[in-house]
Structure formats: structure tokens, C-alpha cells
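I opened this entry to record what I looked up on strand pairing and on aromatic contacts. The notes follow the order in which I consulted the structure.

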Amino acid sequence: MLHWVQIEYHLKGLLNMNVLSKETVEAYREYGFVQIDDVLSPEEVRELASYMEEAMVQKNEHAVNQDAPGGSYYRVLNQKVNVWRDHGGMAQFSFHSKLARMALELTGAEGIRLFHDHALWKMPQDSKPTPWHQDFPYWPMNEPGALSIWIPVDDVDENNGCMMFVPESQKKGKLTGIDFLNPQDLFEIADMKDMEKDKPVKVPLKAGSCTFHNGLTFHYAHANLTDRPRRVLAIIYMPDGTTYSGQPHQMTNDIGLVAGEPIKGPLFPLLAKK
Ligand code: SIN
Ligand code: NI
């Protein structure tokens, strides 16, 4: 059974209408992140969860596994990047037109391209949080604007790895990439020790609800202290026209991109446009 929110999204998509309210778009632009409930129906959540289970164990042709033998060796998370390239079911979700349309509306871009996707699993008893970081410093892009959708297929709270964000931290601009295994203090780097003022917001979510966050927004995910995995699909979108910086990155190394030119081509499909 489709939830009414999905029916509304679907109808608006068919009519080429905006799927997000003005308030949602304004909140994203002001605070650097936004929560959107029920973006996937319960059926879609079940389908995505089963595809993720397959994708996690399948042999990689193109996807890149970033865990270590024996599970989450570092006890932070297991991640597989570029999952869509090896699993058609995952590709359906990473190319999901309604989700890309939301990214289009949030950014106000003329078009939205896929940069890559991630299966982000915190395994049972992954005892370390994902440290405070910005995503943008890791991406080989000149202009900020790229963003992530983060969709859990399990309910999440502070016991199994929900996210936290610092409102308006995107306004700090690009800082240093943090070493996940030996993390520096992002707040010290940003000279933001006043946590009363820069209060992080914890975002528990139901499976199938999501957050979007700007690549510059400070974020963190709690450890998973439960005995079940916390399974998340994250999709990284970039505004069409975003140019390549030449900085090394596993998605863009050795594929003939030219620094200063737009990142485009078959590995970065246009998923939504105005
Ligand atoms: C996580 O899921 O643990 C981290 C996600 C992110 O850094 O965007
Ligand atoms: Ni991140």
C-alpha cells in the first residue's frame, strides 16, 4: 500500500511540479541539512534492503569495498562505493527520479548528476562513531553545491548510528578532510568551541525517511551498539556544471577528466533537470 506522501510525490513528479515545500527548501539552504519523512514506501524499503543485502556480499566488478577482512575492522563502518554499477536493483534507487528531483529543488541547480552512491553499514557493535567531518574536502570539485541523501532501511537513533548535524556549519566553507581512523577535532579546526551556539542536532529516522546534507555541513554518526547492522544508502549528487578540480578521487582518477572542465559522461548521469 502506498502512503499518501508517496502518492503526492508521484503525482507531482508526473505533473512536473515541485515535490518539496518552500519551507523545506529554505530550511536546507539556511541550515545545511533537512529531514524529509517517508521518501520511500514500506515496499521500496523492503526491496532496497534486500538489494543491499545482495550487494554487500556480491563480488565487485566496479564497486569498491572499503571495509577490511573480517567485517568493520576499524569499528567505524563498512562501506561500498559505486554499488549501482554492479547491481541493477541498487541502480534503480540510486537513479530514483523523485530523489534526484528533490536534490534539484534543494540546490536550485539547472540539472543534477549522480556523483556516486555508497552502501554505508555500521555492523553490530561497531563501537566508534563516524567522526565529525565535512564531505566536500574529499570530493574533486571546484564549486561547492554537491549534497548527499542518506536513507536508512532500518530505523535509526543514537543507539545504532543515527546522524547529527551542526546547523549553518556549511557557512564555514571548505575545511580539512578528517582522518576517520585518527580524527582531528573539526570544531577546533573551525574555531567553533562554543557548542551552546553551534548546537548539533540529532536526527533519529524511521526506515525510508531521509536527510539531505550539503557537502560542507558538519556531520557525525553515532556508533552502533546494537546486535543488528545499521544499513544506509547514501547517494551523492552534484549540480550539473560542477567542474573537476583534479584532486585524486577513486571515482574520477584515470578516466580522462580535465581539470577545470565539467564532470560529466556515462559514469555521472544527469538524473533530473529543470
Ligand atoms: C555514516 O553513515 O556513518 C556516515 C555518513 C556520512 O558521513 O555521510
Ligand atoms: Ni560524510
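**Aromatic pairs and an open sheet**

I began with F187, which counts as buried because its relative accessibility is 6%, under the 20% limit. The model I am reading is a predicted one.

I then listed the aromatic pairs and found 10 in the structure. One of them joins W84 and F95: the pair is tilted, with 5.2 Å centre to centre and 50° between the planes. W84 sits in the loop between β3 (78–81) and α4 (88–94) and F95 in the loop between α4 and α5 (97–107), so this pair ties together parts that are 11 residues apart in sequence. I noted W84 as buried at 12% relative accessibility, and F95 as partly exposed at 31%.

Returning to F187, I looked up its pairing with W132, which is edge-to-face at 5.2 Å centre to centre and 80° between the planes. This pair links distant parts of the chain, with W132 in strand β5 and F187 in helix α6 (residues 186–189), 55 residues apart. W132 also counts as buried, at 14% relative accessibility.

I recorded one aromatic cluster formed by F115, F136, W139 and F268.

Next I followed β5 into its sheet. Four strands form an open sheet in the order β5-β10-β7-β8, with antiparallel pairing. β5 (130–133) and β8 (201–203) stand at the edges with a single partner strand each, so one side of each has no neighbour in the sheet. Neighbouring strands are turned by 20° against each other on average, direction ignored.

Last, I checked β7 (residues 163–165), which pairs with β8 in the antiparallel sense over three bridges. The bridge partner of M164 is K202 in β8.

Terms used: Residues numbered from 1 in each chain as written. Chains lettered and ligands numbered in written order. Predicted model: local features only at pLDDT ≥ 70, side-chain atom pairs only at ≥ 80, totals over all residues. Heavy atoms only, no water. Pairing = 2+ DSSP bridges. Helix = DSSP H or I, 4+ residues; strand = E, 2+ residues; numbered from the N terminus. Axes fitted to C-alpha atoms, helices over the stretch in contact; angles between N-to-C directions. Phe/Tyr/Trp six-rings, centres within 6.5 Å; stacked < 30°, edge-to-face > 60°. Buried < 20%, exposed > 50% of the residue type's maximum accessible area, 1.4 Å probe, protein only.
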